[in-house]
Amino acid sequence: MATSAAQRFGRRLASSVPRRRFSSSAAAAAATGGSAVQRTQNPSLNLCSAINQALHIALDTDPRSYVFGEDVSFGGVFRCTVGLADRFGKGRVFNTPLCEQGIVGFGIGLAAMGNRAVAEIQFADYIFPAFDQIVNEAAKFRYRSGNQFNCGGLTIRAPYGAVGHGGHYHSQSPEAFFCHVPGIKVVIPRSPSQAKGLLLSCIRDPNPIVFFEPKWLYRLAVEEVPEHDYTLPLSEAEVIREGTDITLVGWGAQLSVMEEACLDAENDGISCELIDLKTLLPWDKETVEASVRKTGRLLISHEAPVTGGFGAEISASIVERCFLRLQAPVARICGLDTPFPLVFEPFYLPTKNKILDAIKSTVNY
Amino acid sequence: MALSRAASSPSRAALLKPLAAAISSSLFRRPISTDTTPITVETSVPFTAHRCEAPSRTVETTAEELVGFFRTMALMRRAEIAADSLYKAKLIRGFCHLYDGQEAVAIGMEAAITKKDCIITAYRDHCIYLGRGGTLLEVFAELMGRQAGCSKGKGGSMHFYKKDAGFYGGHGIVGAQIPLGIGLAFAQKYKKDESVSFALYGDGAANQGQLFEALNMAALWDLPAILVCENNHYGMGTAEWRAAKSPAYYKRGDYVPGLKVDGMDALAVKQACKFAKEHALKNGPIILEMDTYRYHGHSMSDPGSTYRTRDEISGVRQERDPIERIRKLVLSLDLATEKELKDIEKEVRKEVDDAIAQAKESPMPDPSELFTNVYVKGYGVESFGADRKEVRAVLP
């Protein structure tokens with residue numbers, strides 16, 4: 001069990017560095033507007049440093065923005081908020097007591113007064129006390145006040161996902177719960193350069209957003225991140241690998257596992273197209289539909305349990321749109337329908353082999 | 001401090017005299033383990049009360065109880081230190097929150113209640129489990145994720161449970177166990193069996209909204225609930241003065257009476273819990289704030305020295321350590337010799353080592369256990385391995 005986790009670790013490390021250059025150069029080019037600037041060597045950052053940079057820029061560019069949460073002042077338990085309190089002062093970067101419901105409710109109020117409130121929930125597993133505030137208050141504020149008020153300046157950041165030893169309460173992927181709530185957006189980055197651009201977009205977007213950060217990649221994912229202020233568009237999925245036989249859709253840390261499966265599938269002569277959804281709500285149906293029209297097959301993978309996971313929504317929507325084009329049932333390779341286990345984590349997770357097997361069965365249906 | 005007061009103040013000397021006279025002759029030395037003659041001891045500090053009358057500082061105990069305290073606390077301490085080593089050796093994975101320094105709360109509470117009373121706590125639960133009658137084997141096996149563990153290896157450090165002893169666990173989400181504890185108390189009131197529920201939480205959880213919701217319900221419906229704030233002054237790395245406007249957690253209940261207790265004094269804890277149980281059965285909920293301290297960091301990932309000085313930790317260890325306090329008391333009352341106490345510690349060490357060795361032999365849970373106990377029956381979900389042809393099982 002320890003070895004397989006280490007192998008997974010190693011594999012992520014191996015895959016994250018060379019592979020992401022493919023998409024990051026595309027993103028960097030898009031960010032610079034494709035203009036003919038000399039490509040200077042951007043510094044390599046890991047995910048938590050990229051997020052830290054994004055927060056520095058966000059606080060710098062808007063004097064009415066605030067970062068708060070449990071333990072953010074000293075830098076945060078994952079070091080994502082390092083240096084913010086020193087640079088911007090305790091009036092703008094401050095600790096809250098241990099009260100998630102209070103943190104989000106407070107953030108909604110702060111945002112309702114026209115400020116940019118960046119609330120941190122220490123682990124996504126702890127977001128549930130705040131669920132009522134997010135679903136019933138944040139998501140419906142603009143709607144129920146007839147656009148008189150809104151809490152668009154609210155962004156809630158939370159580390160999510162498996163980390164190898166997290167167990168029940170440090171590994172959950174709760175994105176599906178929030179995707180069911182019209183009025184908020186749900187965004188999940190896959191890499192450092194993506195995270196910086198997406199987080200800046202989220203903070204500046206005039207809607208309340210829940211931003212899940214894959215904690216496994218905080219230290220592990222390293223790539224070149226442009227130092228300037230740039231945003232990446234929300235609700236636009238990105239095709240990070242082109243192919244012709246099957247479309248794979250995922251988000252966050254799971255993409256690196258799917259990439260490995262794609263490489264293995266290529267050795268078996270299967271050409272896979274891999275799409276990073278990036279924004280789960282509202283999600284880019286057009287890109288996925290166009291891809292499935294090209295390939296005729298779809299596979300979705302996420303760490304959250306399969307029943308009721310967001311893969312179900314993608315599957316249903318694509319079947320509605322592409323029914324006659326589909327050559328095989330939509331496959332979902334996801335976490336099992338159990339609480340996130342401790343010792344059984346390697347069995348629970350949607351691993352490369354499970355995905356590879358599903359790719360083959362779908363292609364050979 | 002209590003001991004010197006006990007020895008030197010004239011009123012106390014009068015109480016101790018008969019005992020001292022009896023044991024002055026070594027020929028008539030009573031055996032330490034079975035002596036149940038009541039001894040009276042004064043607690044280290046008086047109780048501070050909120051909306052109730054503080055119980056007396058004078059606690060009744062016996063030699064048997066005191067030596068028992070020493071033994072069990074030494075066992076708890078040894079077990080936690082052993083868990084530290086096992087974690088560093090990567091035999092325990094995941095999270096591990098150690099209780100050393102706070103043993104007096106677990107032991108004092110047990111001394112005041114029965115197994116019909118319920119205890120529910122947060123994730124720092126190893127010693128509470130031991131206090132409720134759990135065995136060392138079950139503790140270490142569960143920590144290492146083995147089948148012989150109290151939760152069959154599926155819970156881990158934060159999820160110890162013992163149904164036959166009324167121990168409702170073991171909870172990872174901060175503060176979530178408090179409303180549960182109130183629910184337990186409601187059931188006990190319904191059953192009319194003179195039992196109470198102790199819902200333990202920390203100074204970090206004291207700022208959670210659900211605590212106040214639970215207090216309101218308990219007070220409104222007159223439930224036999226005792227909410228115990230184990231105030232070790234740090235919520236993970238945040239000192240209480242940075243997290244709480246009012247660090248007087250025993251007063252936070254407002255309309256609910258409260259008592260502040262020296263949580264490093266096992267006898268004070270016992271007295272407070274006894275008082276609280278009587279109070280809860282007659283008058284409804286009460287809050288106990290245990291002023292205690294943890295030597296380790298929040299968990300094994302926390303060195304525990306970045307937000308407090310090593311001097312502070314060693315200061316508490318020297319002046320307020322619960323085991324040392326009992327040791328001094330036992331020695332001053334001549335209930336055992338130094339050597340006997342050291343022998344107890346050696347025995348305890350051996351017990352812990354034996355339990356660890358036995359736990360290491362226990363196997364990991366079978367992979368099929370991944371799917372058991374999600375539902376009771378009839379879920380019928382399919383699960384299959386990488387090769388879709390085999391290992392297709394309908395989940396129970």
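Modeller: Start with exposure: buried means under 20% relative accessible area, exposed over 50%, and partly exposed in between, with a 1.4 Å probe and protein chains only. Phe131(A), with a relative accessible area of 26%, is therefore partly exposed. This is a predicted model, where local features need pLDDT of at least 70, side-chain atom pairs count only at pLDDT 80 or more, and totals for chains, interfaces and linings use all residues. Residues are numbered from 1 along each chain as written, chains are lettered from A in the order in which they are written, and side-chain values use heavy atoms, without hydrogens and water.

Colleague: How many aromatic pairs does the structure hold over all chains?

Modeller: Rings of Phe, Tyr and Trp (its six-membered ring) pair if their centres lie within 6.5 Å; planes under 30 degrees apart count as stacked, over 60 as edge-to-face and the rest as tilted. Over all chains there are 24 aromatic pairs. Among them is the tilted pair of Phe128(A) and Phe131(A), 6.5 Å centre to centre with 55° between the planes. Phe128(A) is partly exposed because its relative accessibility is 29%. Phe344(A) and Phe347(A) also make a tilted pair, at 6.2 Å and 35°.

Colleague: Is Phe344(A) buried or exposed?

Modeller: Phe344(A) has a relative accessible area of 4%, so this residue is buried. Phe347(A), at 43%, is partly exposed.

Colleague: Which residues form one aromatic cluster?

Modeller: The cluster consists of Phe128(A), Phe131(A), Tyr160(A), Phe177(A), Phe178(A) and Phe212(A).
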